Amino acid sequence: GSPDEAPHGEREDDAPFDGAEGRSGVSGSAGGEDEDAQSPWERAGSEDSLSEHLHRQALALRLDQVDRAALDFLIDSLDDDGYLSEPLERLAEALCPREDAERFDELVHRLTVARGLLQSLEPTGVGAQDLAECLRLQVRERAAEGESAAAAALDVLAQPLEWLARRDFKR
């Protein structure tokens, strides 16, 4: 994926998320016949950063201000490969102290909902915690499209990927 170049913004009001307003996320499209031959990851990187690509898609979602802020915060929290490697609780701690238990729990809930929204965006697999989850998301999409090999692939991905990497096929 492309490096996430969007900086974290700061809000001056008491909203629970940083960087939620002031983004247009719109950029021109290069177009072309070979665009269909590119993977979504390649298209996302060729036109703009992955972050900009995701923010642009998020604009099409009908979200209230808090859910939009949560989604924008998660997009800005992705690493360079498009993974959301930090646990949601740790991300929530950056915005709200755990001591404020009610607000903290609400924030974790909002981030959980936003993570589901993030993972519904293209490219498939964005917002996964690691490679295994990314692959599972991609295979589940194929299974939903009726691809027959997807069920077998999901069975393989249910196992630790270290076994596959070591070629421990018996396990």
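Q: Which hand does the crossing of helix 6 and helix 7 have, left-handed or right-handed?
A: In this predicted model, where local features need pLDDT of at least 70, side-chain atom pairs count only at pLDDT 80 or more and totals for chains, interfaces and linings use all residues, the crossing of helix 6 and helix 7 is left-handed, a term used when the near helix is turned anticlockwise from the far one by less than a right angle (clockwise would be right-handed). Residues are numbered from 1 along each chain as its sequence is written, and side-chain values use heavy atoms, with hydrogens and water left out.

Q: Why are helix 6 and helix 7 called roughly antiparallel?
A: The axes of helix 6 (residues 131–144) and helix 7 (residues 150–157) cross at roughly 160° and come within 9 Å. Since angles over 145 degrees count as roughly antiparallel, the pair is therefore described as roughly antiparallel.

Q: Which residues make the contact of helix 6 with helix 7?
A: With contact taken as heavy atoms within 4.5 Å, Leu-135, Arg-136, Val-139, Arg-140, Arg-142 and Ala-143 of helix 6 meet Ala-150, Ala-153, Leu-154 and Leu-157 of helix 7. These residues divide into seven nonpolar, no polar and three charged, where Ala, Val and Leu are among the nonpolar types and Arg is among the charged ones.

Q: Why is Glu-141 called partly exposed?
A: Glu-141, which lies in helix 6, has a relative accessible area of 33%, and because buried means under 20%, exposed over 50% and partly exposed in between (1.4 Å probe, protein chains only), Glu-141 is partly exposed. Not counting residues up to four places away in sequence, Glu-141 touches Glu-122 and Thr-124, while Ser-120, 21 residues away in sequence, is 9.9 Å from Glu-141 in space, C-alpha to C-alpha.

Q: Which residues touch the most other members of the largest nonpolar core?
A: This core, a set of buried nonpolar residues joined through side-chain atoms within 4.5 Å, holds 23 residues, of which Leu-54, Leu-74, Leu-91, Leu-111 and Leu-118 touch the most other members. Two or more residues each come from helix 2 (50–59), helix 3 (65–77), helix 4 (88–93) and helix 5 (101–119), and helix 5 gives the largest share, six residues. Leaving aside neighbours within four places in sequence, Leu-74 is in contact with residues including Leu-84, Leu-88, Arg-115 and Leu-118.

Q: How many helices and strands does the protein have?
A: The protein has eight helices and zero strands, a helix being a DSSP run of H or I of at least four residues and a strand a run of E of at least two. Of its 171 residues, 34% are buried.

Key
Axes are lines fitted to C-alpha atoms, for helices over the stretch in contact, and angles run from 0 to 180 degrees between N-to-C directions. Angles under 35 degrees count as roughly parallel, over 145 as roughly antiparallel, 65 to 115 as roughly perpendicular and the rest as oblique.
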